[in-house]
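I opened the model today to look at folds, sheet, contact and core. My entries follow the display.

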Amino acid sequence: MTATEVSTAPVPGAVTTTRASLRTPIVLAVLGVVALVFFGLLGSAGSTTTFGVSAGTDFVTIDPVEIPSKAGAIVLAVLALALAAWSFVMARAGRTVPVWLVAVFGVLWVLAFLTWAVADKSTSLVSLMQGSLLLAVPLAFGALGGLLNERAGVVNIAIEGQLLTGAFGAAVLASVTGNAYVGLVAAPVFALIIGSMLALFTVKYHVNQIIVGVVLNVFAVGLTSFLFSSVLKENASQLNSPPRLEVLPIPLLSQIPVIGPVLFRQTVIVYLLYIAVAVITVALFRTRWGLRVRAVGEYPQAADTVGISVERTRWSNVLLGAAVAGLGGAFFTIGSVGAFGEEMTAGKGYIALAAMILGRWSPIGALTAALLFGFADKLQQVLGVLETPIPNQFMLMLPYVVTIFAVAGLVGRVRGPAAAGEPYEKG
Amino acid sequence: MSDEKPTPPPPSSAAPAPTRERDPIEHTAGTGGRAAATLREISTGNFGVTVLAFVLALVIGAILIIAVDDDVADAAGYIFARPSDFFGAAWSAVSDAYTALFRGAVLNYQADTFAGAIRPFTETLTVATPLIIAALGVAVGFRAGLFNIGAQGQVIMGAMIAGFVGFTWNLPVGVHLLVALLGGIIAGGLWAGIAGFLKARTGAHEVIVTIMLNYVALYLLQYALTTSVFSTGNQPKSPSVASSAQLPLILGDQFRLNAGFIVAILAAIFVWWLMTRSTIGFRFRAVGSNAHAARTAGMSVTATFVLVMVVSGALAGLAGATQLLGTEKFLTDGIAGSLGFDAITVALLGRSKPAGIFLAGILYGGLNVGGRVMEVATGTPIDIVLVIQSLVVLFIAAPPLVRAIFRLPAPTTKEVAA
């Protein structure tokens, strides 16, 4: 209760630049040492790790790669440490550590980890990457939906509910019509139920956005589970056995070794994700519409003064965001398992929220973070089958822990749109 | 605790009630002459809105029940030939479901024995116990302007540690129970304290951190249940807590109602005292209504953030402990159910006031217990209860919407968008 404590209050952006720039190299160095010691030096000598690098249907098949586990992990860890050292040099010279360096470091680190974890066994890198991308699809759509909301100043905790209603709508309408593509159209429409409620209560009635989001998630669970138990269960053959989206390989591109089957032998929903990321990136940062949206999210008073309707912008963005998130919901049913199940999104909406934050409210960042979380999830599944030394609960925990570190500023400070969460009252 | 209605107290008590302005769901609260306002309050004010919000939510629930009912669907096929059949079927579908709900939640008038007749209400109180305690925790956060969305995780941590003390330690009767409850309180408080600490030190938003901590806690529990300390054999299920650590039953062996309910009452009184009578509570409310002013007045806002989260989490941890030591007796990964999220809605429905939360908790407990009976008796899925609960909170949070639907005048001169 003294005056000195006043000055220690958190101020956004108060971290000094010199400390911030050395933080990344330190984190990389620590991680590199962990990889060297645990995956390399403490790894079992004499075992080999086998990585499959092509799918069976490839145009060009490549034989699986076998590497000695211990030596392989040590080499990869040393390479990672070299990158960490380089980042120190760069930071010393006053330059910020580039993103690609961190990305390459990440790949090396994960490979070192895999080499250690899969010792004496084999795993297919192609199916690992394919699975990661698939698991990232709903997260990425959810995160895109979330950032469309937050860029306009509305916090969207209801991503979970939008995914769930989207999944429900896709399953039911695809079943009724027997056409998966009808389901794909229905998903965003159903998610609009939640989106319009979010807009109604937050934009029109100025109810606290976090409260509305939390309550809407409960509402979505209640509504879909109620309809599932009372209608879908009895008539599963007509209402809940949708056809699934078929895989549409893109000619030529899908024949590229390794990345071809991963990126271009997917369902239409994955291609829609590529398009959505590109379109939203351009729209938000390169068009007049995007500038207006961001103005409303950062400083609605100023936007209002120059004649932008804050209310209309927020309404349209909340609805648009809900539709995009709903598209991700379609993945849960027609994009993967087919039938709808109660509470089948199982908290993925909250991971999408985390991906949005970790991706710093940018579409490409959100996609990257979603891929990271998708990878963690897929890895957890693979390692669970292989019975590796890491309990899979800790792998499942990873996205959440990373997000806590991210919002706490331990891996670079994140700052969202300034007016997110604030209702705007004209006047 | 004299004020039994979930309406806000008059802003004339000891403190100049700074929470009124910033209470997240009271943005339209009017100010005006007391005497004249009282009548208006009843018809159009908060209490009236609460009742009307319930009516609306029950009506929407009824529409859903009618929409999926088979008999109604059959009658709808010849609605123009015999409309009475349709309305009769619709009425019986709704009234059957809602009377079963009442029978399951309050009084089973079809039971042969007295014990059987009052059993539903004792079950309601049993289920309401952890809900009330956890909601009190969430409310402490709300009043201080912090959103503790992490009650779920704090309940899990509280149950986990209380269980650990309960089934591994050997302590004398009485002491064992107290230590186990204390373990739950500390575990919940520390878990929420992480979010408070991070907010104070780095500005990390507590909503995000607490949501993430929910999942971390769940996976920690799932992991713990695979270890030999917490698990019996191959099942992901812990041994039962020692009888010395169990909360005693208060209505005899026939009923599950246990001393946890008394703990809930004590917790409500404690929170009432804390928030309205103590210096700490004043600081909480001051920070909640205007952090800048509180800082200028010499209060440490950052220290208050940490303390608020610790108190909030400690109550949620206590809720987990009572759930485990009183009702469940052993740990599974479903120990918390949806308790933490329900607690948020209960806190909102109770308008973050202890008396309101106490009633809202019993109401929610009743809906949950009655919902199960309804599901068995009429086949109406219990999930309709979630729909009703969430709609009630949404409507209560937006009084202008409720007034617009019922075409009521606004309570103040301020024009309400229709």
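These are my notes, entry by entry.

**Ground rules.** I am working on a predicted model, where local features need pLDDT of at least 70, side-chain atom pairs count only at pLDDT 80 or more, and totals for chains, interfaces and linings use all residues. Residues are numbered from 1 along each chain as its sequence is written, with chains lettered from A and ligands numbered from 1 in the order in which they are written.

**Chain B overall.** I looked up the secondary structure of chain B and found 17 helices and 0 strands. Helices here are DSSP runs of H or I, at least four residues, and strands are runs of E, at least two, numbered from the N terminus. Of its 418 residues, 55% count as buried (20 or more other C-beta atoms within 10 Å of the residue's own, with C-beta atoms placed from the backbone). I then checked contacts (C-beta atoms, placed from the backbone, within 7 Å). Of those in chain B between residues at least 6 apart in sequence, 74% join residues at least 24 apart.

**The sheet in chain A.** I traced an open sheet of 3 strands in the order S2-S1-S3, with mixed pairing (two strands pair if DSSP finds at least two bridges between them). Strands S2 (65-68) and S3 (122-124) of chain A each have a single partner strand, so one side of each lacks a neighbour in the sheet. The twist averages 20 degrees from one strand to the next. Strand S1 (residues 48-52) of chain A pairs with S3(A) in the parallel sense over 3 bridges. I noted A:Thr123 in S3(A) as the bridge partner of A:Phe51.

**Helices on the sheet.** Helix H3 (residues 69-92) of chain A lies across S1 and S2 of chain A, at about 90 degrees to S2(A). Helix H5 (residues 125-151) of chain A touches S1 and S3 of chain A, at about 50 degrees to S3(A). Angles run from 0 to 180 degrees between N-to-C directions, with axes fitted to C-alpha atoms, for helices over the stretch in contact.

**Contact between chains.** I found 49 residues from chain B and 45 residues from chain A in the contact. Helices of chain B that each supply at least two residues to its side include H8 (175-202) and H13 (301-328).

**Core.** The largest nonpolar core has 277 residues (buried Ala, Val, Leu, Ile, Met, Phe, Trp, Tyr and Cys joined through C-beta atoms within 7 Å). H13(B) gives the largest share of this core, 15 residues. B:Ala134 is among the residues with the most contacts inside the core. I listed what B:Ala134 touches beyond four places in sequence, including B:Leu315, B:Ala316 and B:Ala319.

Key
Buried ≥ 20, exposed ≤ 12 C-beta atoms within 10 Å, placed from the backbone. Contact = placed C-beta atoms within 7 Å.
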